[in-house]
Amino acid sequence: MADQSSSRRPARPETPPKLDDAPGLPARRLAATVIDEVLRARTALDETLERMLPESGLDAADASLARAIAVTAFRRLGTIQHAIDARLERGSPRKSGPFEPILTAAAAQILFLDVPDHAAVDLAIRHLHEDARSARYAALGNAVLRRLARERDAVLAEAQAEVFGDTPDWLVESWCTAYGEDTAAAMAQSHREEPPLDLSVKADPAGWAEKLDGIALPIGSVRLRERQAIAGLPGFDEGAWWVQDAAAALPVKLLAPKPGERIADLCAAPGGKTAQIAAAGASVTALDRSSPRLRRLKANLARLGLSAEVVTADAVTWKADPFDAVLLDAPCSATGTIRRHPDVAWTKLPEDRDRLAALQARLFDAAAALTKPGGRLVYCTCSLEPQEGEEQTAAFLARNPQFRREPVRPEEIGGLADAIDSNGDIRTLPHQLQGETPRLSGWAGFYATRLIRL
Ligand SMILES: C[S@@+](CC[C@H](N)C(=O)[O-])C[C@H]1O[C@@H](n2cnc3c(N)ncnc32)[C@H](O)[C@@H]1O
């Protein structure tokens with residue numbers, strides 16, 4: 001029976017925790033809170049930051065520091081956790097409140113960011129004191145962080161030798177099985193670097209590369225040499241380009257939209273591929289089941305001066321007259337985006353991959369029903385897991401003999417033959433596309449196949 005007495009008990013006065021106002025602490029507080037929330041609730045880091053930033057009251061510089069600490073913590077989470085655990089002789093203390101996320105955020109600064117050690121340690125200790133549960137372990141936290149700072153070179157040397165040290169075991173196993181150990185190691189190593197920023201341009205990649213101090217990539221994207229705030233760059237206000245990883249631009253190259261064609265983009269938001277299709281002059285129906293994400297798609301298209309018919313619906317059940325071409329950029333585990341979103345490695349589980357693979361099969365069949373005889377169907381995912389790529393296509397073709405594969409030719413994708421597998425499908429891996437430096441190399445892990453309805 002429910003406890004009736006509690007409703008009659010006078011409410012206990014809420015004593016807000018006493019927050020230290022030392023400069024720099026609010027950014028660390030937000031970083032640790034976000035790290036904790038993402039790991040507990042398995043939510044996306046970007047969305048969690050977007051939700052928590054406005055109420056944090058941080059200025060732009062502190063917000064960017066908080067983001068840098070959290071992103072770095074996830075990029076190097078395996079190394080950081082191992083280094084902390086190795087210095088906690090009796091293991092992590094129980095019932096210690098925010099002790100672990102505070103130490104994780106501080107270790108990210110000490111090991112990987114350009115922050116003076118004394119600032120990282122001092123602010124972490126002040127932060128531990130804000131909560132009675134972690135305050136009891138402030139001396140322990142202090143000792144661990146000081147040791148980390150003293151032993152930084154040894155920690156980094158050990159991490160360098162452990163190439164899979166920042167990749168969860170299930171992903172190591174999956175990638176070693178799919179691609180072999182050497183390739184899996186090169187992939188894991190590339191995830192340790194910050195990713196480059198790529199733009200898709202409506203026209204004149206060479207001209208925009210020059211104006212923006214970028215590199216014109218063989219497939220027509222522009223890779224910026226320096227990371228910068230994009231809203232201030234030339235061409236942003238006039239809608240000359242949009243941010244899109246170079247590998248994410250490939251599926252629409254296979255679709256090859258032509259002016260006047262009717263094309264359905266079935267999982268369209270936030271609209272990077274819709275923009276490519278619309279910019280090619282096709283008439284595009286952009287469908288997604290998420291209204292908030294479609295609002296972002298509309299805002300993106302408005303800035304670019306492009307248009308699409310926008311439909312909020314579930315693509316599994318949506319009915320319409322068949323299209324000349326259909327793009328299905330299906331929801332997936334997104335393990336191909338780990339370099340850009342390092343939290344994905346720690347928030348996704350094999351169960352997510354399997355649940356999404358079942359949804360992908362239903363969406364694939366629904367997309368087939370929307371493709372005209374003679375029409376093209378491109379299926380793609382930003383996943384490195386064969387269950388969401390190669391295996392989906394094999395099962396789809398076995399179920400749907402009215403479709404045949406139209407292999408991709410290197411000249412359709414700027415001559416990048418390494419990105420085409422033995423079936424003629426696209427399979428990009430994060431360490432491919434060598435550039436001038438490791439940071440300017442690589443692209444997302446994508447799978448894409450092009451099928452024709454007979
Ligand atoms: C990989 S994202 C699409 C990215 C987008 N194509 C782009 O290039 O910007 C997958 C999208 O599928 C949508 N989605 C998931 N399940 C869906 C369904 N059953 N019907 C329609 N959209 C769905 C999600 O809301 C999400 O926006």
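**Reading the model**

Guide: Let us begin with a loop. Pro 270 is found in the loop between strand S5 (262–265) and H15. Please bear in mind throughout that the model is predicted.

Visitor: What is the geometry of the peptide bond from Ala 269 to Pro 270?

Guide: As a general idea, most residues other than glycine have a negative phi, and most peptide bonds are trans. In this structure the bond from Ala 269 to Pro 270 is cis, with omega near 5°.

Visitor: Which residues have a positive phi although they are not glycine?

Guide: Lys 95 has a positive phi of about 50°, and Asp 204 has one of about 60°. Lys 95 sits in the loop between helix H5 (77–86) and helix H6 (99–112), whereas Asp 204 belongs to the loop between S1 and helix H13 (205–211). Lys 95 counts as exposed because it has 9 C-beta neighbours inside 10 Å; Asp 204, with 15 such neighbours, counts as partly exposed.

Visitor: Which residues does UniProt list for "binding site"?

Guide: The record, an unreviewed entry, lists Cys 267, Ala 268, Ala 269, Pro 270, Gly 271, Gly 272, Lys 273, Asp 288 and Asp 329. These positions are spread over 63 residues of sequence, yet they cluster in space, with a largest C-alpha distance of 13.0 Å. Gly 272 lies in helix H15 (residues 272–279) and touches Trp 242, Gln 244 and Ala 248, leaving out residues up to four places away in sequence. Asp 329 is part of strand S8 (residues 323–329); beyond its neighbours within four places in sequence, Asp 329 is in contact with Pro 251, Cys 267, Lys 273 and Cys 380.

Visitor: Are Gly 272 and Asp 329 buried or exposed?

Guide: A residue is called buried if 20 or more other C-beta atoms lie within 10 Å of its own. Asp 329 has 25 and is therefore buried, while Gly 272, with 19, counts as partly exposed.

Visitor: Where does UniProt place the feature "active site"?

Guide: The unreviewed entry places it at Cys 382. This residue is in the loop between strand S9 (371–381) and helix H19 (390–399). Cys 382 is buried, because 29 other C-beta atoms lie within 10 Å. Setting aside residues up to four places away in sequence, the contacts of Cys 382 include Ala 248, Cys 332, Thr 337 and Phe 446.

Visitor: How is a sheet read?

Guide: Strands of a sheet pair through backbone hydrogen bonds, either parallel or antiparallel. Here four strands form an open sheet in the order S2-S3-S1-S4, with antiparallel pairing. Strand S2 (214–216) and strand S4 (241–243) stand at the edges with a single partner strand each, so one side of each is left without a neighbour in the sheet. On average, neighbouring strands are turned by 30° against each other, direction ignored. Strand S1 (residues 197–201) and strand S3 (residues 222–224) pair over three bridges, and Leu 199 stands opposite Val 222 in S3.

Visitor: How is the protein chain divided into domains?

Guide: There is a domain 1 (25–161) and a domain 2 (240–453), and their centres, taken over C-alpha atoms, are 36 Å apart. Ten residues from domain 1 and five residues from domain 2 take part in the contact. On the side of domain 1, helix H2 (25–41), helix H3 (45–56) and helix H4 (60–75) each give two or more residues, and H4 provides the largest share, three residues. The residues on that side divide into seven nonpolar, no polar and three charged.

Technical notes: Residues numbered from 1 in each chain as written. Predicted model: local features only at pLDDT ≥ 70, side-chain atom pairs only at ≥ 80, totals over all residues. Pairing = 2+ DSSP bridges. Axes fitted to C-alpha atoms, helices over the stretch in contact; angles between N-to-C directions. Domains from an automatic or database assignment. Contact = placed C-beta atoms within 7 Å. Nonpolar A, V, L, I, M, F, W, Y, C, P; charged D, E, K, R; others polar. UniProt positions renumbered as here; feature names shortened; annotations may be inferred. Buried ≥ 20, exposed ≤ 12 C-beta atoms within 10 Å, placed from the backbone.
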